[in-house]
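Biologist: I would like to go through a model feature by feature. Please give the general idea where there is one, then the case at hand.

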Amino acid sequence: MANRHINILAGAALALFASQTMAQTGDYTVNGEPVAPEMQKLMAHYGIAPGAYFIDAYGNYGPTGAAPAANVDGGPPRGWSGVEPRGTANNPYAQAYVNGVSGVRIFWVYSPSIFSGATGGSSGYVHVCPGNVFYRSSEGAVNVGGDYNSKTGANDSWAGVAGAAQSAGRWGVEDGPDGPVLALYDGEGGAQRVALATMLQGSWKFGQTKYAAEAGKASC
């Protein structure tokens with residue numbers, strides 16, 4: 001699903017934000033609060049001028065002191081109250097900028113290809129927590145098929161793996177060719193990476209695995 005709460009850097013929104021002329025302060029604020037370091041990197045990568053911005057709970061955004069430029073979900077402002085918001089309370093759009101990846105929960109589902117000879121699947125969560133720590137949980141079962149036994153009417157060579165697992169690791173933000181990426185480091189030194197711009201879409205797919213991210217839903 002596309003999570004509208006963190007779908008805040010869509011292409012149209014980026015283009016409109018970048019068109020604004022702001023004082024080159026070197027910092028970004030949203031609703032009067034500093035933007036998370038990784039989000040500052042992402043905004044700078046897309047050429048968004050440093051400065052002060054606002055975004056309301058309906059997704060209307062613009063430079064501080066001006067009328068909304070547009071809505072982050074696309075199109076013109078809607079539901080605009082005429083009052084520029086302050087703070088992030090009850091405003092998941094602003095929270096996504098101010099909190100960044102900390103507090104994000106990522107849900108994933110793996111489904112084997114119908115051409116792989118396997119059935120079943122697995123799913124789990126990644127909780128991205130403050131202090132650069134993440135927690136991961138998963139459960140599921142995957143069966144690998146074999147030959148049909150005409151005497152017994154059964155498939156004799158199916159093998160399966162089932163169970164649940166939990167682990168923890170550390171996360172960081174790295175530079176990548178398409179902007180900053182969230183890197184999840186396991187205990188053995190390996191890492192999984194996803195571009196922040198991809199994560200902010202709310203949902204994405206890699207191979208046979210689907211992902212969905214929700215801001216502020218992590219259990220830490």
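Biologist: Which residues does a disulfide join here, and what is the S to S distance?

Modeller: This is a predicted model, and in it a disulfide joins Cys129 to Cys220, with an S to S distance of 2.1 Å. The structure holds one disulfide. Cys129 lies in strand S7 (residues 118–129) and Cys220 in the segment after strand S15 (209–214), so the pair, 91 residues apart, links distant parts of the chain.

Biologist: What is the handedness of the disulfide of Cys129 and Cys220?

Modeller: The disulfide is left-handed, because the torsion about the S-S bond is about -95 degrees.

Biologist: Is Cys129 buried or exposed, and is Cys220 buried or exposed?

Modeller: A residue is buried under 20% relative accessible area and exposed over 50%. Cys129 is buried, because its relative accessible area is 2%. Cys220 has 62%, so Cys220 is exposed.

Biologist: How many helices and strands are there in the chain, and how many of its residues count as buried, as a percentage?

Modeller: The chain has four helices and 15 strands. Of its 220 residues, 39% count as buried. Among contacts between residues at least 6 apart in sequence, 55% join residues at least 24 apart.

Biologist: Where is Asn31 placed, and where is Asn90 found?

Modeller: Asn31 sits in the loop between strand S1 (28–30) and strand S2 (33–34). Its relative accessibility is 2%, so Asn31 counts as buried. Asn90 is in the loop between strand S5 (70–71) and H3, and counts as exposed because its relative accessibility is 72%.

Biologist: Which glycine just after H2 takes a positive phi?

Modeller: Gly47 does, at about 80 degrees. Helix H2 itself (residues 37–45) has Glu38, Met39, Gln40, Leu42 and Met43 as its buried residues.

Biologist: With which residues is Gly100 in contact, leaving aside its neighbours within four places in sequence?

Modeller: Those residues are Ala36, Glu38, Met39 and Gln95. Gly100 belongs to the loop between helix H3 (92–99) and S6. With 9% relative accessibility, Gly100 counts as buried. Its C-alpha atom is separated by 7.6 Å from that of Val35, 65 residues apart along the chain.

Biologist: Which strands each supply at least two residues of the lining?

Modeller: They are S6 (105–110), S12 (181–185), S13 (191–195) and S14 (203–206). S13 gives the largest share, three residues. By class, the lining has nine nonpolar, two polar and two charged residues.

Biologist: Where does pLDDT stay under 50?

Modeller: One such stretch is residues 115–119, for which the model has 14 contacts beyond four places in sequence. Another is residues 154–163, with 32 such contacts. The chain averages a pLDDT of 77, and 70% of the residues score at least 70.

Technical notes
Residues numbered from 1 in each chain as written. Predicted model: local features only at pLDDT ≥ 70, side-chain atom pairs only at ≥ 80, totals over all residues. Heavy atoms only, no water. pLDDT = per-residue confidence, 0-100. Contact = heavy atoms within 4.5 Å. Nonpolar A, V, L, I, M, F, W, Y, C, P; charged D, E, K, R; others polar. Disulfide = S-S within 2.5 Å. Buried < 20%, exposed > 50% of the residue type's maximum accessible area, 1.4 Å probe, protein only.
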